[in-house]
Each structure stands twice: as structure tokens, then as C-alpha cells.
Amino acid sequence: MSRLELRVPPPVYAVALGLLMWMVSIVTPDLDLVSALRVGVSIVLLCAALGLGSFAVISFSRARTTIHPLNPEHSTAIVTTGVYRVTRNPMYLAMLLGLLAIGVMLGNLFAVAVACCFVPLITRVQIRPEERILAGTFGDSYRDYCRTVRRWL
């Protein structure tokens, strides 16, 4: 797995898992959810994903630092304002919320379970390597931030 660290953009993992979710939903039984409930919850999750992701990107833009996930060594600032006061990884959290929206829309518990695989996967191949690099770049100020703000929620 270490060969995958910082090699594949996180949205590619999200899209791949979304496709896997769709395939899983074809071959496994659906939940009997009222269509309006399914659509409503999916819309709420999708709006939360879009809002969270947008605020995260805006925060990076204001700090004039890179959002490129494969080159965290190009970071010029630690962003600790806005949504970054609540979670260190709002962009990845937004991707998870988007995947959960798809799973709920598909009405399939197995698809939702596949979406949840995004957390350990992206933590292993992206977040932990980013954290090592950022700790090396920013030292104690980044380590202090990590002690006060959770990785996910």
C-alpha cells in the first residue's frame, strides 16, 4: 500500500468507490426506503458535501497555499480557520459525504458500507503521508494543531 501513498488523487479513489458502490447495489438487495426519504437525505448529504468542500477550498485560497493533494510539500501555510477549526480534512470529509449521498440514493446498505471504506483507505494512502510531510515542514505548530483538531470529526 505504501506504493500508493500520494500517487493517486483522492477524487479518483472517490469515483472508483462510487462505481463500486453502484456495482454492489446491482447484485445485492436494496433497502425498502420511501423514495422521498431517500432523495431528501441524499440531497442533504450532497449539499453538506458541496458546502464543506467549497468552504475548505476557499480557506486554502485565502491562505494562498496549495490544494494539490499529491504535493503537500508545496504547502506554504497551515490553514486553521473556518471549517479547519472542526476537522483537519474537510475536503476528504466532503468526498465521504458525497459517497454516502450516493449510497443512500441507491438505497443499498452494502453500497453505504463500501462508501465507509473511503475513510481507512484515504487515511492510509493520503492523510498519514500528508501529516508526516506537514509535520516535517511546519514542526510544532502543525503538531499542536493536530492535537487540538481531529483528523475527521
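1. Leu 6 is buried, with a relative accessible area of 16%, where buried means under 20% relative accessible area, exposed over 50%, and partly exposed in between (1.4 Å probe, protein chains only). Leu 6 is placed in the segment before H1, and although Leu 6 is not a glycine, its phi is positive, at about 55°. Helices here are DSSP runs (H or I, at least four residues), as strands are (E, at least two), and they are numbered from the N terminus.

2. A word on the basis of these remarks. This is a predicted model, in which local features need pLDDT of at least 70 and side-chain atom pairs count only at pLDDT 80 or more, while totals for chains, interfaces and linings use all residues. Residues are numbered from 1 along each chain as its sequence is written, and side-chain values use heavy atoms, with hydrogens and water left out.

3. Glu 5 is buried, with a relative accessible area of 17%, and its side chain meets that of Arg 124 in a salt bridge (2.4 Å, N to O); by salt bridge is meant a side-chain nitrogen of Lys or Arg within 4 Å of a carboxyl oxygen of Asp or Glu. This pair links distant parts of the chain, with Glu 5 in the segment before H1 and Arg 124 in helix H5 (residues 118–138), 119 residues apart. Arg 124 counts as partly exposed, at 27% relative accessibility.

4. The side chain of Glu 5 also meets that of Arg 132 in a salt bridge (2.8 Å, N to O). Because Glu 5 lies in the segment before H1 and Arg 132 in helix H5, the pair ties together parts that are 127 residues apart in sequence. Arg 132 counts as exposed, at 52% relative accessibility.

5. A further salt bridge joins the side chains of Arg 88 and Glu 131 (2.5 Å, N to O). Here too the pair links distant parts of the chain, since Arg 88 is in the loop between H2 and H3 and Glu 131 in helix H5, 43 residues apart. Arg 88 is buried, with a relative accessible area of 12%, and Glu 131 counts as buried at 13% relative accessibility. Salt bridges that share partners join Glu 5, Arg 124 and Arg 132 into one network, and the count of salt bridges in the structure comes to six.

6. Helix H2 deserves a separate point. At 1.5 Å a residue, the 29 residues of H2 should span 42 Å, and this agrees with its end C-alpha atoms, which are 42 Å apart; the expected span is taken as 1.5 Å times one less than the number of residues in the helix. The buried residues of H2 are Ser 42, Leu 45, Ala 49, Leu 52, Gly 53, Ala 56, Ser 59 and Phe 60. Helix H3 (90–106) is included in what covers these buried residues, with contact taken as heavy atoms within 4.5 Å.

7. Ala 48 lies in helix H2 (residues 35–63) and is partly exposed, with a relative accessible area of 35%. The C-alpha atoms of Ala 48 and Leu 97 are separated by 7.2 Å, although the two residues are 49 residues apart along the chain.

8. Just after H2, Arg 64 takes a positive phi of about 55°, although Arg 64 is not a glycine. Arg 64 is found in the loop between H2 and H3, and it is exposed, with a relative accessible area of 73%.

9. The structure holds two aromatic pairs. In one of them, the rings of Tyr 142 and Tyr 145 have their centres 6.3 Å apart and their planes at 50°, so the pair is tilted. Rings of Phe, Tyr and Trp (its six-membered ring) pair if their centres lie within 6.5 Å, and planes under 30 degrees apart count as stacked, over 60 as edge-to-face and the rest as tilted. Both Tyr 142 and Tyr 145 are buried, and both lie in helix H6 (residues 140–148), three residues apart, about one turn of the helix. An α-helix has 3.6 residues a turn, so residues three or four places apart point the same way.

10. Last comes the surface. Val 15, Leu 19, Leu 20, Trp 22, Met 23, Ile 26 and Val 27 make a nonpolar surface patch of about 730 Å². Patches are made of residues with over 30% relative accessible area and no salt bridge, like charges being joined within 9 Å and nonpolar side chains (Val, Leu, Ile, Met, Phe, Trp, Tyr) within 5 Å; accessible areas come from the Shrake-Rupley method with a 1.4 Å probe, and for residues only the protein chains shown count as cover. Met 23 is found in helix H1 (residues 10–27) and counts as partly exposed, at 46% relative accessibility.
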